[in-house]
Amino acid sequence: MNTVNPATLSTSESAMWATFYLNNEMFALRVEDVQEVMMAQPLTPVPLAPQYIVGLLNLRGQIMPAIDLRRRLHFAARNDHQDSNLLVLKTRDGLVSVVVDQIGDVLELPRDDWRAPPETLAAQHRNFVAAVCPIENHVVLRLNVDALSDDDHSLTASISASSLSSTQE
Amino acid sequence: MSSSENTGTPERDQETVDLFIDESLEALQRIEQWLLDAEAGHPPPDLMAMMFRDIHTMKGTSGFLAFERTQKLAHVVEDLLARFRDSGTPPDTHHYARLMSSMDLLRSLVQNVKTTQDEGAVDVEAMVAQLRADLAGLLNRAEDDSNVAPQEAVTETAAPEALHEATVVEAAASNNVDSSDGTVRVNVAVLDRLMNLIGELVLARNQMVQTVKTVRDPNVNTQSACQRLSLVTSDLQEQIMKTRMQPVGRVFEKIPRLVRDLGRQMNKQVNVHVDGTSTEIDKALVEAIRDPVLHIVRNAMDHGIETPDVRVRTGKAAIGKLNIRASHEGGMVTIEVSDDGRGMDPVALRAHAVKKGLLSDVAAQRLSDREALDLIFRPGFSTAAQVTDISGRGVGMDVVRTHVERAGGQVELESVLNKGTTIRLKMPLTLAIIPALLVRTGGQQFAIPQVNLLELVYLNEDQVGTAIENVRGATFYRLRGEMLPLVYLSSILQLSQRPLEQGTNIVVVAVGSRRYGLVVDEIHDTEEIVIKPLHSQLKRVACYSGATVLGDGGVALIVEVAGVAAMAGIDMSGRRAAEAARADQDTRHGPQQYVVFSAGDGGQCAVPLAMVARLEQIASASIEHTVGAEVVQYRGSIMRILRPEAVLPLGTAEQALDEQPLIVFDFGQKIGLAVNRIVDVVEIDPEQVQMLGENPFAQGRTVIMGVTTLLIDVYAIVRELAPHFIKERRQVTQRPRVLLLDESAAMRAALAGFLRNEGIDVTFATSSAAVLQELRGQQNQHWDALIADVDLQSGDGIATLEAVCEENRDLPVFAWTFCDDHDLEERLCANGVRDWISKLDRERLLEALQTAGVLSRRRKTDLKTDVRSAA
């Protein structure tokens with residue numbers, strides 16, 4: 001998947017991005033923000049917790065919430081019964097693990113290629129997408145890690161009619 | 001201990017002085033570095049503001065401690081810094097040099113304090129004059145630059161003298177041994193990391209111990225290594241906890257000054273007396289109690305202590321008293337703030353609550369005086385006749401209580417009108433590692449902090465129907481005559497409910513003095529757990545205070561008892577007051593609370609509530625009979641059961657009870673007193689007790705509820721019926737001496753290390769003849785126990801055991817065997833053998849020795865895994 005033009009790399013700053021797939025979209029995170037990647041783990045459910053927190057993960061004595069990224073980003077639940085993966089992220093509030101559909105490659109993308117997310121992105125997703133980067137014939141969405149910890153204020157109230165059709169629930 | 005008053009020179013408190021020295025030297029060190037950087041051309045941003053803060057603190061503290069020279073010098077330096085800070089004028093090299101030499105002079109003053117407890121005869125006047133000149137120069141420069149030069153010329157000449165003096169003093173100081181050699185300053189972040197690591201180690205240890213137990217590895221090395229690991233971990237944990245401890249005095253240091261300032265403002269004279277400043281408490285808790293304590297002091301100054309003329313008119317000394325005392329009490333730190341002011345008037349409090357609309361008139365009149373006092377903890381209650389700027393800040397005692405309880409503490413209040421008020425904060429020593437009870441509900445494990453735990457009640461399906469009552473939708477359990485509100489954890493957490501037929505486990509919990517019953521599915525073990533904070537997204541769920549990793553690697557949520565009560569909508573303010581009144585009485589002389597019960601054929605007896613560890617109800621069927629002694633499995637070990645009618649003229653009980661009520665006492669080991677029925681908890685006035693000389697097992701007799709009641713002496717009964725328990729208390733420092741008969745050299749070798757590790761002095765015998773000789777011999781050796789192999793090659797093992805039991809009735813004898821012969825076991829036990837122990841089960845051996853009182857209980861932090869609930 002390393003299809004970035006080497007010429008671009010030499011002229012502008014670039015960075016390493018860890019990618020993963022969620023609802024057939026490719027998301028990216030700075031590799032520095034990812035502590036580790038693992039297979040699905042047993043989780044301890046937390047009664048009364050927000051729906052998207054599927055449980056607590058015990059990672060070698062560290063306890064962290066496991067966030068179902070599909071629920072957090074208001075995507076439809078998965079129906080292909082495949083095993084999910086866990087990404088452990090370093091956020092400003094400590095470690096958080098997120099459940100994603102599949103882990104992708106590590107990409108090197110030039111910093112200049114990132115742009116602001118399109119206006120057409122649905123409001124409930126926009127909070128979580130910090131930037132987008134076109135590669136080949138699709139778009140990589142950069143996950144806003146800190147937004148995962150934010151409160152979900154009145155998102156439903158501002159759901160925009162125009163949105164990426166593939167990301168609609 | 002120190003005392004200071006606002007009217008004279010304060011007598012210096014060593015603690016405060018030490019703190020001042022440390023702080024000041026640190027600050028001066030810092031400032032020196034900044035100044036050096038600044039001179040080198042790269043001043044840190046906000047240099048003046050940062051220096052100003054440090055010097056300002058130094059000025060304040062030195063002023064409070066009456067180090068006049070330091071204060072004077074710091075004051076002028078502060079003025080100069082303020083000028084720079086406020087005007088934005090950058091200092092020039094001359095100013096930096098001046099500041100540097102002022103810092104040197106300040107340091108020599110502080111060094112003198114450190115070595116001689118006094119500032120010494122350091123001349124600060126010259127430096128003060130120079131600094132004033134600099135300041136004047138700056139002010140003039142703002143208007144007219146030309147005035148600066150002559151000022152400079154005059155002052156510059158004086159400088160070398162001051163510096164010279166400073167050098168001399170410093171030289172003198174350096175000859176003294178630095179008293180801080182024995183301590184090292186460690187970054188708090190390192191301590192926190194250590195704390196986390198030890199937490200992980202405790203978890204790993206728990207897992208290890210559990211694995212070894214389940215695997216039952218017969219290799220003695222694995223077991224003893226594991227035990228060693230366990231012990232070392234516990235010690236390490238304890239030591240690391242200690243590194244986090246800070247003297248509670250840090251909270252108090254601001255009080256004398258605060259009282260002085262408030263006193264001036266309000267024309268009140270107060271003597272502050274601070275005691276127990278070196279009492280240590282976890283760093284995190286020092287922060288947690290700071291604001292509540294200061295608030296209580298402000299309240300005492302504002303509402304408590306009267307003005308001198310009022311005091312004199314009411315016959316009190318014109319100068320008020322404010323005592324602040326910290327002490328360790330039963331694993332908690334108690335901080336007590338008491339004044340001798342006007343106290344609280346229940347009548348006025350009631351009227352005020354009605355005026356504020358907190359209570360109806362009728363409800364207010366129904367409150368007892370005691371309950372009326374508790375009104376001050378209600379939100380929105382402020383007693384000041386007029387809102388003052390001292391304590392009328394919209395926060396009241398309700399905030400104090402909330403803060404203290406959030407940190408796991410409790411607030412107690414005592415007040416006598418015109419005599420004064422005492423407020424007590426009871427705080428835990430540490431927050432990071434706590435003992436907790438593990439329970440299961442809706443298929444999930446939860447941990448309930450032990451500090452919230454009062455008792456466990458089990459109701460079988462028959463009792464559930466009658467003992468649990470529904471009052472207008474709320475569920476109550478009648479616990480010894482009191483209505484205990486019940487909260488079903490599964491319904492609060494919206495988990496699946498368990499069918500009622502399986503009986504009900506009630507965990508009676510308390511927050512402060514409020515209590516309620518938390519109903520859970522199963523009750524498991526208690527364990528030392530490491531509190532891990534929850535992610536911010538989960539903190540909004542009020543019913544958890546954290547999570548922990550269990551011995552098996554699973555995760556359990558820690559139940560926040562106060563949060564659950566709030567979610568269940570329990571408000572027990574009236575009840576809370578009644579409880580507080582009760583707790584209050586326990587600590588005073590005069591009437592004492594007694595547990596009243598009927599025993600034997602129905603005679604009524606009572607024991608002091610203070611002696612009682614718990615009240616339990618067990619199934620009679622679970623009582624096991626071994627060698628004339630009744631025991632029951634209780635909380636992971638064996639509890640001896642005694643019947644009072646064995647020594648008291650009570651007649652024998654009818655054996656019809658299915659459920660056996662027990663009063664549990666803790667004599668190092670638990671002892672259960674079997675009774676017919678627990679009647680009530682009542683207050684008995686010692687004056688009403690008729691002393692009895694003739695019965696050694698009763699302290700006296702009194703009439704309760706119209707029935708003559710015997711006040712029994714539990715200690716005497718235990719001494720009579722189970723002397724080992726009392727003996728164990730006396731000989732706690734002595735290593736128990738155990739005689740062990742085993743023919744196998746390998747087994748002896750394996751056991752030697754194991755038993756010695758447990759603190760047992762073991763002597764081996766290789767034949768039954770040797771045992772008999774040892775026990776019958778004239779050496780007059782004392783043995784605490786005999787452990788003897790049954791299946792000896794000589795074939796006389798059984799006979800030997802029986803003979804020994806016959807001859808030494810007081811000696812605990814244990815059969816030690818590889819075989820599984822129930823008939824033989826029964827026969828031996830009937831003949832006086834205490835227990836039948838498999839050679840493969842060393843833990844059982846220790847347990848048996850503990851039960852017999854030979855071996856003292858192991859440390860609490862050691863883990864018990866195969867625990868069955870008594871209920």
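Residues are numbered from 1 along each chain as its sequence is written, and chains are lettered from A and ligands numbered from 1 in written order. In this predicted model, local features need pLDDT of at least 70, side-chain atom pairs count only at pLDDT 80 or more, totals for chains, interfaces and linings use all residues, and side-chain values use heavy atoms, with hydrogens and water left out.

**View 1. Chain A as a whole.** Chain A holds three helices and ten strands. Helices (H or I, at least four residues) and strands (E, at least two) are DSSP runs, numbered from the N terminus. Their order from the N terminus is α-β-β-β-β-β-α-β-β-β-α-β-β. Of the 169 residues in chain A, 48% are buried. Buried means under 20% relative accessible area, exposed over 50%, and partly exposed in between (1.4 Å probe, protein chains only). Chain A exposes about 8,500 Å², and carbon and sulfur atoms supply 47% of it. Accessible areas come from the Shrake-Rupley method with a 1.4 Å probe; for residues, only the protein chains shown count as cover. Among contacts in chain A with a separation of 6 or more, 61% join residues 24 or more positions apart. A contact means heavy atoms within 4.5 Å.

**View 2. Chain B as a whole.** Chain B has 29 helices and 36 strands. Its 871 residues are 51% buried. The chain exposes about 40,100 Å², with 50% supplied by carbon and sulfur atoms. Residues 24 or more positions apart account for 69% of the chain B contacts with a separation of 6 or more.

**View 3. Two loop residues with positive phi.** L48(A) has phi near 75°, a positive value in a residue other than glycine. L48(A) sits in the loop between β3 (34–39) and β4 (53–59) of chain A. Its relative accessible area is 27%, so L48(A) is partly exposed. In chain B, N267(B) has a positive phi near 55°, and this residue too is other than glycine. N267(B) lies in the loop between α11 (255–266) and β3 (270–275) of chain B. With 60% relative accessibility, N267(B) counts as exposed.

**View 4. A negative patch on chain B.** E15(B), D18(B), D22(B) and E23(B) gather on the surface as a patch of negative charge. Patches are made of residues with over 30% relative accessible area and no salt bridge: like charges are joined within 9 Å, nonpolar side chains (Val, Leu, Ile, Met, Phe, Trp, Tyr) within 5 Å. D18(B) belongs to helix α1 (residues 14–39) of chain B. D18(B) is partly exposed, at 37% relative accessibility.

**View 5. A nonpolar patch on chain B.** V184(B), V186(B), V190(B), L194(B) and L197(B) form this surface patch. Together they have about 420 Å² of accessible area. V186(B) is in the loop between α7 (159–174) and α8 (188–215) of chain B. At 45% relative accessibility, V186(B) is partly exposed.

View 6. The side chains of E125(B) and K72(B) meet in a salt bridge (2.8 Å, N to O). E125(B) lies in helix α5 (residues 125–143) and K72(B) in helix α3 (residues 68–87), so the pair ties together parts of chain B that are 53 residues apart in sequence. A salt bridge is a side-chain nitrogen of Lys or Arg within 4 Å of a carboxyl oxygen of Asp or Glu. By this rule there are 24 salt bridges over all chains. E125(B) is partly exposed at 39% relative accessibility, and K72(B) is partly exposed at 32%.

**View 7. R311(B) and D340(B).** These side chains meet in a salt bridge (2.8 Å, N to O). The pair links distant parts of the chain, 29 residues apart: R311(B) in helix α13 (residues 308–313) and D340(B) in the loop between β6 and α14 (346–355). R311(B) is buried, at 0% relative accessibility. Elsewhere, R325(B), E336(B), E412(B), E414(B), R424(B) and K426(B) are joined into one network by salt bridges that share partners.

**View 8. The surroundings of T334(B).** T334(B) lies in strand β6 (residues 332–339) of chain B. With a relative accessible area of 2%, T334(B) is buried. Not counting residues up to four places away in sequence, T334(B) touches R325(B), A326(B), S327(B), E329(B), R424(B), L425(B) and K426(B).

**View 9. Helix α29 of chain B.** This helix (residues 842–851) is mostly covered, with seven of its ten residues buried. Among the buried residues are R842(B), L845(B), L846(B) and L849(B). G853(B) follows α29(B) and has a positive phi, near 80°.

Definitions and conventions
Lys, Arg positive; Asp, Glu negative; His and termini not counted. Charge placed at Lys NZ, Arg CZ, Asp CG, Glu CD.
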